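This briefing concerns the structure shown below. It is arranged by topic for reading alongside the model.

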Number of protein chains: 2
Amino acid sequence: MIAPVEYLGNKIKIVDQTQLPGKLVFVTFRSYTEVVDAIKALKVRGAPAVGVAAAYGIALGAQDIKASNKAEFLSQLDKILQAFAASRPTAVNLFAAIDRMKTAASTADFATIKQSLINEAKAIHADEEAATEHLSHIGAELIQDGYIILTHCNAGPLATAGYGTALGVIKAAAEQGKKIEVIATETRPLLQGARLTAWELMQENIPVTLITDSMAGYFISRGKVSCVLLGADRIAANGDTANKIGSYTLAVLAKENGIPFYVAAPTSTIDLSLKSGAEIPIEERNPEEVTHVAGIRLAPKGVKAANPAFDVTPHQYITAIITEKGIARKPYANSLKRVIIEE
Amino acid sequence: MIAPVEYLGNKIKIVDQTQLPGKLVFVTFRSYTEVVDAIKALKVRGAPAVGVAAAYGIALGAQDIKASNKAEFLSQLDKILQAFAASRPTAVNLFAAIDRMKTAASTADFATIKQSLINEAKAIHADEEAATEHLSHIGAELIQDGYIILTHCNAGPLATAGYGTALGVIKAAAEQGKKIEVIATETRPLLQGARLTAWELMQENIPVTLITDSMAGYFISRGKVSCVLLGADRIAANGDTANKIGSYTLAVLAKENGIPFYVAAPTSTIDLSLKSGAEIPIEERNPEEVTHVAGIRLAPKGVKAANPAFDVTPHQYITAIITEKGIARKPYANSLKRVIIEE
């Protein structure tokens, strides 16, 4: 079992997800700015994993703060928190982690504040590990023997620094002895499905068939898919869910063909402060991710390209949202609140 | 204006579409087997263009036949016809062209049979050119000023050895002075949208934005697309339409969001011998087209991949089918027959 994100006292070690599956490369960061850059470059990616990496990055940055009192310390810490907040806009786990680190700092004694921040980052990591493992076992109950599950992007251990969300549910169902298969979309532009999901499933000996994103409708319409199951980057109070670009399309295809569309996410992904998905900021990334693959130009020079990294699936398309506190169903405005409050 | 397919007496010259947009390379074939191989390798692709290339390839092969009577000639010609029939299964224009060449041979005098086949191939080409230009002008009436048109794969001059079908309609609307924009999907696995559609539209100075296939739903659901417009590889008698993999998904997205979904195709693409799309054979291509891009492996070694090259859009999703004989609308079982009979 690989540790996708690890805190080693004065440094953070991560798996560079951009190099997989060709090479399994670990990179080590000794400054928080390197962690910010790694998040921006998607070396560490996946909503829960980004939250964990940011928490450790904040703890790492905090160790280097030189301050003579707590107010001074908090003011310097704030600069670090802001750098992480500006790294990626869509996944809320990042902001949830930043908030927890900020609260931990503000409630800590000045004498032990640096250690408190390390402890809080470790607690965030442990909480995500526990949450993803727990939600995976809860979600596995929805997966029937013989299911062919279509998933999008990557929501496995790499993405969560834990057990996985969508892939966690799949792993847990397989561990229960259910005979299941997975259809994984390659997930252009950055091919997290081809590079990471296929790789993680092969490591687990779970049968997987790779397809292009455009093939999902073909297999769904021909009755070859039992359900769609994916992770989430941010879930609004009404259940609208931001996830990797292309998720909305899969939801429409699932509805049109009468199969369930499941979202698996820890409660740290739920953002009750947003009424609906319309308020979720969508990251627009570099168009070169669309015009190039693996550094090779595919499209004509000078062509305009768009690159929204996420889309929002309206709540009415979602059959169930699987969390570590239970499975939420429509109407989500009630069920998500209940799930969070049970905390 | 480039000639995508040209007959030059004892040879055929084509644009190698696999090299675009990086290089504009013309390749010359002196034997029919080279033409068969070029069709299989998608050096010449697009349903109407494949029909034209096959017709010329058959004429070319016929010139080398040594026979002392017509029966002997036809028997040798049959081997050539079979080689082309086995090159690609889905697009019907190929089979329509083969049928026309077969009929031309069987009705020709033995003394002039070789010239008759050249003439028939040229007639097929001229017919496709006239049909695509005519349908483009008919279809342009559906395109309103200010439209943002989403298209998939490539249905331009390269694909048709003529004016284009979907892109022909777009060109004709632009020539009418309508201010239009195009959103082109890259069209994995072989990226005909990124490589060919973007390139052809840039040549015509028509504004184009390139997106990944997975982004279509994002733009359609946010009201950024006025209509979906694409070509076809085979249309069954009931209107079910085979086209590049991913077309069905766009049709579902169009229906869900209340925008028109238009198919543009010459009547040579309509196959009244098939009751429905269930009878259309779907080509399954090499999985390496999915696991690799531009020769670079993207997915883990040994991963299983699927590669259906087409899907079928059921007739109920299609707002109109634009042909050179007029615009067919539901119920297609009547309107398509009427269009063909008006021939």
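**Pairing across the two chains**

In strand 6 of chain B, B:Thr209 is the bridge partner of A:Lys304. This pairing belongs to a predicted model, in which strand 14 of chain A and strand 6 (residues 208-211) of chain B run parallel and are joined by two bridges. The points below place that pairing within its sheet, then turn to the interface, the relation between the copies and the local backbone.

- Eight strands make up an open sheet of mixed pairing, in the order 14(A)-6(B)-5(B)-4(B)-7(B)-10(B)-16(B)-17(B).
- The edges are strand 14 of chain A and strand 17 (326-328) of chain B; each has a single partner strand, so one side of each is left without a neighbour in the sheet.
- Within chain B, strand 4 (residues 148-151) and strand 7 (residues 227-230) run parallel and are joined by two bridges.
- In that part of the sheet, B:Ile149 stands opposite B:Cys227 of strand 7 of chain B.

**Extent and composition of the interface**

- Contact between the chains involves 53 residues of chain A and 53 residues of chain B.
- About 4,100 Å² is buried between chain A and chain B, and carbon and sulfur atoms give 69% of this area.
- On the side of chain A, the residues that lose the most area to chain B are A:Ser214, A:Glu256 and A:Leu298, which together account for 14% of what that side buries.
- Between chain A and chain B, 17 residue pairs are in polar contact, counting pairs with both residues at pLDDT 80 or more.
- At least two residues of the side of chain A that touches chain B are supplied by each of several elements of chain A, including helix 8 (192-203), strand 6 (208-211), helix 9 (216-221) and strand 15 (310-313).
- Helix 10 of chain A provides the largest share of that side, six residues.
- By class, the side of chain A that touches chain B comprises 32 nonpolar, 11 polar and 10 charged residues.

**Salt bridges across the interface**

- Four salt bridges are found across the interface of chain A and chain B.
- A:Glu256 forms a salt bridge with B:Lys255, with the closest N and O atoms 2.6 Å apart.
- A:Glu256 is also one of the residues of chain A that lose the most area to chain B.

**Relation between the copies**

- Chain A superposes on chain B (RMSD 0.0 Å) by a rotation of 180° with 0.0 Å of shift along its axis.
- This is the relation of a two-fold axis.
- The same surface serves both copies, since 100% of the contact residues of chain A recur in chain B.

**Local backbone features**

- In general, most peptide bonds are trans, and most residues other than glycine have a negative phi.
- The peptide bond from A:Arg188 to A:Pro189 is cis, with omega near 5°, and A:Pro189 lies in the loop between strand 5 (181-185) and helix 8 of chain A.
- In chain B, B:Leu20 and B:Pro21 are joined by a cis peptide bond with omega of about 0°; B:Pro21 lies in the loop between strand 2 (12-15) and strand 3 (26-29) of chain B.
- A:Asn205, a residue other than glycine, has a positive phi near 60° and is found in the loop between helix 8 and strand 6 of chain A.

Key:
Residues numbered from 1 in each chain as written. Chains lettered and ligands numbered in written order. Predicted model: local features only at pLDDT ≥ 70, side-chain atom pairs only at ≥ 80, totals over all residues. Heavy atoms only, no water. Contact = heavy atoms within 4.5 Å. Buried area = accessible area lost by both parts, 1.4 Å probe. Salt bridge = Lys/Arg side-chain N within 4 Å of Asp/Glu carboxyl O. Polar contact = N/O pair within 3.5 Å; in protein donor to acceptor, adjacent residues only side chain to side chain. Helix = DSSP H or I, 4+ residues; strand = E, 2+ residues; numbered from the N terminus. Nonpolar A, V, L, I, M, F, W, Y, C, P; charged D, E, K, R; others polar. Pairing = 2+ DSSP bridges. Least-squares fit on C-alpha atoms with pLDDT ≥ 70 in both.
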